[in-house]
Amino acid sequence: MSTERRSWICTTIDARGGVQASSAAAFGALEGMAERGKLWKNGTTLRVRFRLSEKALQERVIETARAWLVPGVKLDIVAAKPGEKAQIRVAFDANEGSWSAVGTDSLLYPPAQPSMNLGWARLDTPEQDFSSVVIHEFGHALGLLHEHNHPLARIRWNKAAVDADLSGDPNFWDQDTIDSNVYAAYEKSQVITTDFDAASVMIYTIPAHWTLGDQAFMPSWKLSEGDRKTIAMLYG
Amino acid sequence: MDARWRLDGDALDCAGLRVALQRIGLAQWRAQGPLRSWGLASLHRDGDTLCVPCGDDEALWLGAWPVPAGGRGSVALREPQTTAGVQIELPREQAITALAAGRPIARPLHVLRRELLLDLVESGFEPVKLVLALLAPAGWSALSGRAWQPLSGPPPRPPRLG
């Protein structure tokens, strides 16, 4: 496993109507919505359009993203044909990192704009690195959130260390971005959850010095058993 | 013994404030440079003194943050001999960038003694005052009964995010 893969974690984009928040108080007006409102209808075929990229890279992304289509999942993920409307628009801007809108928030973006960016995915990217980022971002596109924000994760952050790391090179995040992507805690009543999955492809890499309890997390580069159960529960 | 603060592992828990000492290689530390934590410094409570080991090749910096997020407070660290001090206001600031090292070099807070005064103030409450004692690793181990681990090297480069 390359060490570089460890750094392939993303920000999610919380579009209008989203529920990601850095404090429980922010959920007050959102009761009853949560991510339930961002899931696609069962039976949906998700069409994906790509911007400025080689055909082989597009095919590799689609093939990798289809890892989410485990037995029982009533979704499909295909490349959009010319003229077809695409719910998911993927860009490969190397300067934009990796991110994705969450679930149906993709529809809130103007059709000409990307709803996902795979800034570090290329044809020559090693398999594990490629899979980890593509599966992770498509997990967001299917409505999944970061696993470390799971109500039962209960990670005891060494916030000074996390903030020091993330506010500097290579990320230069401001405090709001750190708060919403790392420390956000979802109310259990607001999200659909299965058990906390420390091996989920949707968790950040969390080095031990970022926590007070010497907890460390390393995401899977492919679907964990927990990921498979979760997606089957959501779309089965 | 002041019951208003306690140790929660290697973090100090004082009402709505958390404080942890962060280790960094002395050779890598710069007064104006970016901060990294190479790991948490181990803590031991001895009465109202907070004891922390500091090896010859490392520096420490103090990180503090409110719990839950949104709280306010301040942390002040003072050198008793010179009365010089550094104070940070939470949550806007959360680091005092250097406390000590094994040999004298320029740093924001010149440490002449190995006992510093630490004042913790959660907004609306009386200050909690304690002594922060910087101990040689062997002395700290003898006092705490815990092993001290030398720094093994810098942590991995921070993850590259979106």
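## Strand β8 of chain B

B:Ser74 stands opposite B:Glu89 in β9(B). The two strands concerned, β8(B) and β9(B), pair in the antiparallel sense over 6 bridges; a pair of strands requires at least two bridges between them by DSSP. The model is predicted: local features need pLDDT of at least 70, side-chain atom pairs count only at pLDDT 80 or more, and totals for chains, interfaces and linings use all residues. Residues are numbered from 1 along each chain as its sequence is written, while chains are lettered from A and ligands numbered from 1 in the order in which they are written.

β8(B) and β9(B) form a hairpin with 6 residues between them. In the turn, B:Thr83 has a positive phi of about 65 degrees. β8(B) also pairs with β11(B) (residues 115-122), again antiparallel and over 6 bridges. There, B:Gly73 has B:Glu122 as its bridge partner. In a regular strand the side chains alternate between the two faces of the sheet. For β8(B), residues 73-78, the covered face holds B:Gly73, B:Val75 and B:Leu77, and the uncovered face holds B:Ser74, B:Ala76 and B:Arg78.

## The six-stranded sheet

In chain B, 6 strands form an open sheet with mixed pairing, in the order β5-β6-β12-β11-β8-β9. Its edge strands, each pairing on one side only, are β5(B) (44-46) and β9(B) (85-90). On average, neighbouring strands of this sheet are turned by 25 degrees against each other, direction ignored. Axes are lines fitted to C-alpha atoms, for helices over the stretch in contact, and angles run from 0 to 180 degrees between N-to-C directions.

At the β5 end of the order, β5(B) pairs with β6(B) (residues 49-53) in the antiparallel sense over 3 bridges. One of the bridges joins B:Asp46 to B:Thr49 of β6(B). Helix α1(B), residues 137-144, lies across β5, β6 and β12 (128-135) of chain B. This helix runs at about 130 degrees to β6(B).

## Chain composition

Chain A has 5 helices and 6 strands, in the order β-β-α-β-β-β-β-α-α-α-α from the N terminus on. Chain B has 1 helix and 12 strands, and the helix stands at the end of the order of elements. Of the 236 residues of chain A, 45% are buried; in chain B the buried share is 39% of 162 residues. A residue is buried if 20 or more other C-beta atoms lie within 10 Å of its own, exposed if 12 or fewer, and partly exposed in between, with C-beta atoms placed from the backbone.

Two residues are in contact if their C-beta atoms, placed from the backbone, lie within 7 Å. Among contacts in chain A between residues at least 6 apart in sequence, 76% join residues at least 24 apart. The corresponding value for chain B is 66%.

## Core and an exposed proline

The largest nonpolar core has 89 residues. Such a core is a set of buried Ala, Val, Leu, Ile, Met, Phe, Trp, Tyr and Cys residues joined through C-beta atoms within 7 Å. The residues with the most contacts inside it are A:Leu118, A:Val134, B:Val19, B:Leu50 and B:Val52. Leaving aside neighbours within four places in sequence, A:Leu118 has contacts that include A:Val61, A:Val90, A:Phe92 and A:Val134.

A:Pro111 is found in the loop between β5 (98-101) and β6 (116-118) of chain A. A:Pro111 counts as exposed because it has 11 C-beta neighbours inside 10 Å. From A:Pro111 to A:Phe50 the C-alpha to C-alpha distance is 12 Å, with the two 61 residues apart in sequence.

## Interface and confidence

The contact between the chains takes 31 residues from chain A and 26 residues from chain B. On the side of chain A that touches chain B, β5, α3 (159-167) and α4 (175-183) each supply at least two residues. The largest share, 7 residues, comes from α3(A). That side divides into 12 nonpolar, 13 polar and 6 charged residues. Here Ala, Val, Leu, Ile, Met, Phe, Trp, Tyr, Cys and Pro count as nonpolar, Asp, Glu, Lys and Arg as charged, and the others, Gly among them, as polar.

The predictor gives the complex an ipTM of 0.88 and a pTM of 0.80. The pLDDT, which is the predictor's confidence in each residue from 0 to 100, averages 85 in chain B, with 87% of the residues scoring at least 70. Over residues 101-108 of chain B the pLDDT is below 50. Beyond near neighbours in sequence, this stretch has 16 contacts in the model.

Note on methods
Helices (H or I, at least four residues) and strands (E, at least two) are DSSP runs, numbered from the N terminus.
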